[in-house]
Structures are given as C-alpha cells and as structure tokens.
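Notebook open, model loaded. I'm jotting down what I look up as I go.

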Amino acid sequence: MADVNASTDTRPLVRLAVVIGVGYVLYLLAPILTPFLISLLFAYIGNPLVRRARQAGVPRTVTIVFLFFIFVLLVLGLILGVLPMIQRQVVAFAAKVPTYIDWTQAKLMELSGGAFTLDLETIKAQITQRWQDMGKYLATVLTFATDSGMRVVGWVLNLMLIPIVTFYLLRDWDELMQGAGRLLPPAWRDRVTPIAREIDDALAGFLRGQLSVMLALAIIYSVGLMIVGLDLGLPIGLFAGLVSFVPYLGFILGLLFAGLAALFQFQAALPLLWVLLVFMIGQVLESTILTPRLVGERIGLHPVVVIFTVMAGGQLFGFFGILLALPVAAMFMVWLRHVLAGYQESPILPP
C-alpha cells in the first residue's frame with residue numbers, strides 16, 4: 001500500500017505546476033512590476049545603512065528621510081554639474097565636425113593617391129536630410145505619446161511609485177522579512193534559512209561591489225580621457241564605466257569610441273596611444289584590485305552566461321531588466337549550488 005501511495009504521489013507535480021504558474025503570472029505582469037522591482041533593489045541596497053542607524057538609536061524613518069535627501073542632492077549635483085559639462089563637450093565636438101570631414105577627405109585622398117574623394121555637399125545634404133527625418137520621427141513619437149494619454153500617465157505613475165514604494169519597503173523591511181519567514185512550513189525553515197542568508201550575503205556583496213567598481217571605472221576613464229584632452233572625455237568615460245557590469249563591454253566600447261574621437265580630434269597617432277593607456281590602466285586596476293577586492297567571486301558566472309543573462313533581462317523587462325539581471329543571477333547561482341550539492345549526495349548516484 002505504501003508503494004502505491006509513493007508511486008501516486010503528485011506533490012512534486014503540483015509544486016512544479018505552481019512554480020510554472022507563478023513564473024507565467026510574473027511574465028504577464030512584467031510591465032507593471034518594473035517600478036516595484038526597482039524599488040525593491042533600492043530598498044535592499046539602502047537597508048544595511050538603515051539597520052546600522054537603527055542599532056545606533058536613530059529611528060528608521062529619520063534615516064530613510066536623510067537617505068532620500070542625500071539622493072536628491074546627488075541627482076541635483078548630476079543635473080547641475082555633470083550634465084552641463086557633458087553638453088559643453090558634445091557641443092565643442094559637434095562644432096568641429098566639418099573640420100573632421102575635411103580631414104577625412106584629405107586623408108582618404110592621400111591614402112588612395114587621389115582616386116578616392118568625398119562629395120562633401122552630398123554628405124552635408126544627407127546629414128541634413130537625416131536630421132530632418134529624425135525631427136519627423138521625434139514629432140511622431142511625441143504626437144503618439146500626447147495622444148496616448150494613458151501611456152503618459154502610466155509612465156509618470158511608475159516614476160512616482162518608485163520613491164513611494166522604496167520608502168515603505170525600507171521602513172518595514174524587517175517586518176516584511178519576518179513575515180516571509182513565517183510563511184515557510186516549519187519543516188523547511190532549517191534548510192531554507194541558511195540558503196536565504198547565503199543569498200543575502202552574495203547578493204548584497206555583489207551589488208555594493210559592482211556599483212563601486214562601475215563608479216570607480218567611470219571616474220578613472222573620465223579623468224584619464226580629460227587629461228588626454230579629449231573633447232568627449234567625460235561622456236565616453238562615464239558610459240564606459242557604467243556599462244562595465246558586462247565583462248569587457250565597457251573596455252571595448254569605451255576604447256572604440258574614445259579612439260575614433262581622438263583620431264578625428266587630434267589627427268595623429270600619439271593621442272591614440274594615450275587613450276589606449278588610459279583604458280589599459282583601468283582594465284588592469286579592475287582585474288587586479290577593484291573586482292577582486294570589491295566583488296570577488298560573488299556570482300561565479302562565466303562571461304558568456306553574464307552576457308546572456310543581461311540580454312534575457314532586457315528582453316523580458318526592458319532597460320530595468322538589464323539592471324536587475326545580474327542580481328537575480330546571483331540568487332539563482334546560490335540556489336543552484338545547493339541543488340547540485342543535494343543531487344550529488346543523493347542515493348541516485350553511485351558512491
């Protein structure tokens with residue numbers, strides 16, 4: 001009788017069906033889950049500071065308001081300080097574009113012995129036409145956004161939801177975690193609790209470390225390229241640092257864009273070597289000091305898997321899915337390690 005009951009046990013199938021059902025519901029709700037996921041990420045990053053302040057006797061609400069105030073100051077500093085510098089560098093580079101076109105034509109004629117020439121008037125006409133077309137496309141997009149009032153309202157509400165949800169998550173974080181723990185069956189708690197703590201350690205360490213590495217690389221690349229004298233040093237450096245969460249992507253794209261900008265601006269080979277030196281210094285510091293000390297082996301994913309994870313996150317949840325892909329991968333890898341350990345210790349495998 002026991003064998004019959006064991007052979008007809010449908011609990012594993014029910015659990016699998018529940019997991020698939022929850023995953024499908026999350027997929028359907030992806031458009032509205034984005035602000036909640038972003039708020040959860042912000043709350044998770046800020047909770048250690050709130051917890052330490054609470055242990056020091058500072059109320060959680062006071063600490064949260066202070067963190068929001070600091071965040072607003074940082075955003076204002078970015079808008080008032082960094083963005084005008086980027087605008088000035090872009091404008092300075094754009095003003096020299098005709099000169100760069102003339103130099104390109106002269107260099108091509110020199111290399112081809114006069115057999116290759118550029119029709120500058122045609123190029124200028126094409127650029128003007130493309131800008132006009134771009135203006136039409138932007139006008140169409142703005143008209144669509146204006147006519148689709150509900151879409152605009154939805155975007156605004158999503159942006160407004162992020163700070164509100166983040167505030168409540170930070171305020172009630174400990175209670176929410178305790179409530180989630182009580183939802184687990186008592187028989188599961190001894191096994192799930194260590195896994196949850198390991199996920200917390202890996203995820204928190206990875207997030208703080210990766211953000212620190214991105215910020216450090218953005219500063220290194222930007223300062224280095226501005227010392228070289230590159231007109232677009234700040235925007236290219238910031239871009240290269242911020243996309244460095246994908247292995248080698250920031251280095252490759254930053255070096256490519258900075259190299260082209262330096263070639264047009266200086267029209268010589270020596271500045272290209274200085275640009276290469278800047279990115280080589282950044283790459284060496286990242287691989288030998290920044291990543292080992294700040295991130296370490298928190299996830300242990302192969303670079304190809306990292307790229308796939310980021311692309312999958314972007315496909316499912318858009319831009320914010322790209323930002324959340326690696327944290328989710330960190331949690332999944334901890335869970336997978338425990339699953340593989342249990343499988344290897346199971347009686348299915350021979351000793």
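Which helix is L157 found in? I find L157 in helix α7, residues 149-171. Helices here are DSSP runs of H or I with at least four residues, strands are runs of E with at least two, and both are numbered from the N terminus.

**Ground rules.** This is a predicted model, so I keep in mind that local features need pLDDT of at least 70, side-chain atom pairs count only at pLDDT 80 or more, and totals for chains, interfaces and linings use all residues. Residues are numbered from 1 along each chain as its sequence is written, and side-chain values use heavy atoms, with hydrogens and water left out.

**Confidence.** I checked pLDDT, the predictor's confidence in each residue from 0 to 100. The chain average is 77, and 79% of the residues score at least 70. Among the elements, helix α1 (residues 2-7) has the lowest mean, 50. Helix α10 (residues 233-242) has the highest, 92.

**Back to L157.** I get 46% relative accessibility for L157, so it goes down as partly exposed. My cut-offs are under 20% relative accessible area for buried, over 50% for exposed and partly exposed in between, with a 1.4 Å probe and protein chains only. L157 and P35 sit 122 residues apart in sequence, yet their C-alpha atoms are 9.2 Å apart.

**Salt bridges.** How many are there? I count two, taking a side-chain nitrogen of Lys or Arg within 4 Å of a carboxyl oxygen of Asp or Glu.
- D174 pairs with R60, with the closest N and O atoms 3.3 Å apart. D174 is in helix α8 (residues 173-182) and R60 in helix α4 (residues 60-95), so this bridge ties together parts 114 residues apart in sequence. D174 is partly exposed at 27%, whereas R60 is buried at 10%.
- R171 pairs with D172, the closest N and O atoms being 3.1 Å apart. I note R171 as partly exposed at 33% and D172 as partly exposed at 24%.

**S222.** Is S222 buried or exposed? At 4% relative accessibility, S222 is buried; it lies in helix α9, residues 186-228. I then looked for polar contacts (N or O pairs within 3.5 Å; within protein, one atom must be able to donate a hydrogen and the other to accept it, and residues adjacent in sequence count only if both atoms are side-chain atoms). The S222 side chain reaches the backbone oxygen of A218 at 2.7 Å. A polar atom of that side chain also lies 3.2 Å from the backbone nitrogen of L238. Skipping neighbours within four places in sequence, I find S222 in contact (heavy atoms within 4.5 Å) with G233, L234, G237 and L238.

**Aromatic pairs.** I count seven. The rule takes rings of Phe, Tyr and Trp (its six-membered ring) with centres within 6.5 Å; planes under 30 degrees apart are stacked, over 60 edge-to-face and the rest tilted.
- Y44 and W173 have ring centres 6.0 Å apart and planes at 55°, so I log the pair as tilted. Y44 is in helix α3 (residues 30-55) and W173 in helix α8, 129 residues apart. Both Y44 and W173 are buried.
- F68 and F167 have centres 6.4 Å apart and planes at 80°, so this pair is edge-to-face. F68 is in helix α4 and F167 in helix α7, so the pair ties together parts 99 residues apart in sequence. F68 is partly exposed at 26%, and F167 is partly exposed at 22%. Ring pairs link F68, F167 and Y168 into a cluster.
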